[in-house]
Amino acid sequence: MAGRDFVVFVIRRLINAVITLLILLLLMFILVHAIYTTPLALARLYAGPHPTMAQLETIVKEYHLDAPLYVQFINYLMDVFTGNLGYDPIYKEPEAYIIMHYLPITLTFMIPAVILTVLVGTVLGAVAAANRNKWGDYFIRAFYVFTWSSPPYFIALLVLLVLVYWLGPYTHLPASGYVNSLLHRPRVITGWPLIDAIIENNWAYVDSYLVHMVLPILTVFLYSFGVYTRMARNVTLDVLESDYVRLAYIKGLSRRVVVYRVGLRNALIPLVTLMVLTFALSWTGAYVAEDVFDYHGMGYITTVAITSVDPLMVYDITLFVGISVIIANFIADILYGVLDPRVRIT
Amino acid sequence: MTEQVVERRGRGFAASIWSWVKLISRDPTGLLGLIIVVAFVLWSIIQGILELLASYLKDPRLGWLLLPYNPFIQNLAGAFQPPSWAHLMGTNYIGQDILSRILYSIPYSAAYPAFLVVLSAILIGAALGISAGYLGGWWDEVLMRVTDAFLSIPAIILAIVVSILLKASFIGMIYSFIIVWWPIYARLFRAETLRVKAMDYIAAAQLYGVSPLRLFFRYLFINTIDPIIAYAMLDFGNVILGASILNFIGVGLQPGLPILGEMASDGVSWGFPKYWWWAIFPSITILIIALGFVLLGDRLQDIIGGRAAY
Amino acid sequence: MLLSIRNLFVGYKTVMGTLHVLDDVNLNVDKGEIVGIVGESGSGKSTLGQAIARVLPGNAVASGRIMVDGVNLLELSEGEMEKYRGTTVFMILQNPFTSLNPVKTVGYQLMEAARIRMVRSGERYSEDKAYEMAIQALKDLRFPDPEVIMLRYPHQLSGGQIQRVVLAMSLILKPKILIADEPTSALDVTIQAQVINLFKELSREMESAILFITHDISLAYVISTRIVVLYAGRIMEDGDVESIIREPMHPYTQGLIAGVPDLSKFVSGRVKLQSIPGNPPSFLDLPSGCKFHPRCPYVKDICKVQEPPLTRHNNRVIRCWLYGGG
């Protein structure tokens with residue numbers, strides 16, 4: 001039955017994701033080697049600021065930077081798949097270790113923001129499409145055009161201004177940080193501070209953490225909202241003009257059923273792709289939010305890496321971001337199969 | 001209806017531009033977008049010419065001929081001034097007039113990156129995408145895979161990486177944007193080529209023995225470019241926003257020259273909301289420019305996509 | 001009189017202005033009649049069908065009267081019109097591959113129709129009964145394995161099968177007025193014949209008034225009891241099928257018949273045209289006077305200037321200056 005079909009489908013999508021990942025690694029590899037053409041130049045990536053010639057040469061030997069390119073690439077692949085992303089010259093710790101400390105902090109607020117964007121955006125997009133050119137449509141469009149054209153830092157600043165400085169006494173929201181730094185940090189169980197704190201019943205920490213998450217979530221939500229809702233509206237409009245929607249009307253189904261149960265349900269299929277796009281986009285929003293709110297996550301260490309000239313860190317972080325998007329894509333592919341029988345049943 | 005549209009094109013470039021303007025302006029938001037974009041482009045051209053003259057004639061004062069103040073002059077006594085009649089947008093930490101700095105920086109903060117990046121991306125994307133769509137086979141497969149991989153990383157983030165690798169200068173940022181931006185256009189051109197390839201007039205041209213280069217330009221490029229122009233209009237806004245984000249984070253700066261994103265960032269680090277005008281006004285400038293492109297691009301996409309019946 | 005259309009006008013608002021599509025459409029259809037609405041592509045025939053079911057696109061404007069059971073459908077609100085769709089008016093669309101909801105099974109969609117039928121008849125909904133109704137309808141449409149078909153998704157069916165499913169839906173809904181908009185144009189010829197035969201059988205059983213829209217006049221001849229010829233959004237001729245085919249009065253009708261090998265024998269030797277030169281006009285640029293005059297072999301001066309009204313000649317309705325007017 002469809003069970004076996006589905007498993008085959010999942011495996012095929014998985015292989016596809018892995019291939020994309022390999023190509024991504026290849027591209028990143030080519031990129032680096034196209035810019036840093038000699039082994040010594042490459043060594044600078046791994047060295048700290050102001051390295052001496054002797055230090056550079058040691059690095060070349062240690063990392064086999066003078067080996068033929070394909071050998072380096074194989075080494076690189078093996079390193080990535082075993083989690084070895086290099087040793088950061090400035091922090092003096094393995095990159096992977098540093099990144100795994102900051103990644104959960106970003107994801108903890110980014111994922112709820114994306115979910116919020118998708119839920120609100122889908123509903124509002126459908127409502128706008130269903131009420132085309134009436135007041136609801138105009139209002140929603142005005143809103144998403146505004147958030148779409150705003151630079152994310154502007155959104156962050158507005159959010160800060162309104163919720164903290166004007167309505168501060170009512171909302172008691174903190175202006176920066178991801179948690180009250182005076183609080184005792186939970187033990188590392190999962191590596192995700194919020195979850196660890198919940199497991200430990202450290203409710204003061206949880207409370208502070210959640211309260212600090214509000215502004216960044218709002219910022220990322222508002223930032224991604226524009227693009228997503230516009231697409232949702234356009235996709236729904238296109239679906240609503242299709243023949244089967246017309247036939248559903250002609251059958252005598254009520255307008256609400258036609259728009260939501262037939263139209264929106266079908267629009268979900270292309271929307272799933274958009275959800276992945278939104279996830280990818282929200283990384284950018286997260287970066288900026290972390291900058292403005294002094295939130296110590298991936299964006300934060302990226303900016304630090306930029307100012308302290310640590311290209312290796314920036315590179316590895318970007319790799320992580322890329323991998324996260326590939327994973328999101330994979331999940332979306334699976335959802336696609338669930339939502340669209342044409343994909344999973346041949 | 002297609003015949004009418006094709007005929008209209010033949011009636012002269014100026015005439016068809018005007019009919020597009022009318023079409024766009026039927027919708028008030030489209031009109032607003034058009035006005036903003038035209039104002040932005042005109043200002044950038046004028047200011048750019050003044051700058052060119054200034055360096056040619058070795059007289060930098062030409063650069064700020066049209067500005068209320070010399071954007072570089074420092075006046076420590078008048079630092080941190082909130083907006084007033086003298087300084088409509090206030091002053092920064094060394095007393096420079098923010099309005100002048102904003103106006104001065106618009107051409108290279110926004111206009112040059114936008115046009116350079118989008119136009120390069122279109123050219124590269126057209127070459128790769130049309131050839132992939134037209135030739136098919138393994139070349140197509142390779143291109144699809146490569147663009148897939150590129151599109152896995154959000155454009156801005158990838159741009160950050162490349163910029164860093166290229167030493168984070170202004171030019172480095174432009175290059176990195178071009179590298180990051182072309183995959184979308186390659187995809188768009190490929191999709192359009194596939195659609196157009198199935199049409200009879202392409203088969204006719206092939207039978208007729210049209211040379212590949214002529215085929216490419218006269219037939220494929222001309223006929224695939226419409227939806228891409230609409231997208232590109234939106235994309236100008238995207239590039240401007242993206243560049244400002246990179247500038248905000250600290251990438252792609254040019255020491256000595258005011259840059260919009262950087263001004264906003266400085267405003268935040270020196271004290272927000274205490275010196276709110278310093279961060280807010282540059283941000284609003286970017287907002288308005290991007291808004292213009294978004295409104296215009298949205299309207300164009302509706303017209304070309306047939307969704308603008310009324 | 002089940003369906004009575006008076007002075008129907010339909011236009012579309014577009015970026016290039018308002019297109020006038022249907023004009024001065026007057027038509028009566030009684031139950032049991034099968035009216036073949038014949039017209040070339042771009043004659044507005046689909047618009048006519050959509051206007052009656054009131055599923056015109058959002059940028060359409062319509063005026064006039066579409067009277068069903070004494071009610072003008074054009075004056076109803078959305079909520080009221082909803083009650084008329086399905087059980088009073090139903091429509092079969094041209095492209096089978098886009099007619100059904102791709103994410104729901106055939107069974108689900110048929111039972112959906114059954115539910116509507118039951119609710120409108122005042123019955124309480126019963127899933128078992130709906131299932132029975134669906135199975136029975138599929139059997140009537142000669143599906144050898146209805147239980148299997150119920151579980152299939154639309155993309156697993158062929159074009160002919162989908163049209164039969166939609167026909168099954170109309171059997172379930174039992175509409176008073178059934179509009180078939182080129183239901184077989186997208187199908188292979190052999191499947192076409194099969195579907196047409198089924199259609200003929202079913203129309204004898206149902207007491208609906210059927211409007212069969214097609215560009216193929218020989219198909220209309222096979223199916224209809226009456227033919228209405230549409231050109232440039234106007235009715236040019238309207239009469240019972242045998243007499244229209246044997247003695248077409250309007251030059252356009254004559255041209256249509258002469259152009260079809262099977263039917264031309266009826267009119268050979270008696271008409272000027274063997275085929276009609278030129279193209280139908282675009283709605284952006286309609287000719288003055290009679291819309292057919294640029295292509296008409298009998299054109300007179302008055303045809304270029306003034307549009308002839310619909311007039312009645314014995315049992316024929318005709319719009320042509322050749323037969324007097326006014």
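Reply: Let us begin with a term: two residues are in contact if their C-beta atoms, placed from the backbone, lie within 7 Å. Please note that this is a predicted model.

Me: Which residues of helix 2 of chain A meet helix 3 of chain A?

Reply: From helix 2 of chain A, A:Pro39, A:Leu40, A:Ala43, A:Arg44 and A:Tyr46 take part, and they meet A:Leu56, A:Ile59 and A:Val60 of helix 3 of chain A. By class, this contact has seven nonpolar, no polar and one charged residues.

Me: How is the packing of two helices described?

Reply: In general, one gives the angle between their axes and the distance between the axes. Here, helix 2 (residues 39-46) and helix 3 (residues 53-62) of chain A pack at an angle of about 95°, with axes 9 Å apart. Angles of 65 to 115 degrees count as roughly perpendicular, so helix 2 of chain A is roughly perpendicular to helix 3 of chain A.

Me: How many residues of chain A are in contact with chain B?

Reply: In chain A, 41 residues are in contact with 39 residues of chain B. Among the elements giving two or more residues to the chain A side are helix 1 (2-35), helix 12 (255-292) and helix 14 (311-339) of chain A. That side has 31 nonpolar, nine polar and one charged residues.

Me: What elements does chain B contain?

Reply: Chain B has eleven helices and zero strands. Of its 310 residues, 47% count as buried. Its C-alpha atoms fill a box of roughly 75 × 45 × 40 Å along the principal axes.

Methods: Residues numbered from 1 in each chain as written. Chains lettered and ligands numbered in written order. Predicted model: local features only at pLDDT ≥ 70, side-chain atom pairs only at ≥ 80, totals over all residues. Helix = DSSP H or I, 4+ residues; strand = E, 2+ residues; numbered from the N terminus. Buried ≥ 20, exposed ≤ 12 C-beta atoms within 10 Å, placed from the backbone. Axes fitted to C-alpha atoms, helices over the stretch in contact; angles between N-to-C directions. Parallel < 35°, antiparallel > 145°, perpendicular 65-115°, else oblique. Nonpolar A, V, L, I, M, F, W, Y, C, P; charged D, E, K, R; others polar.
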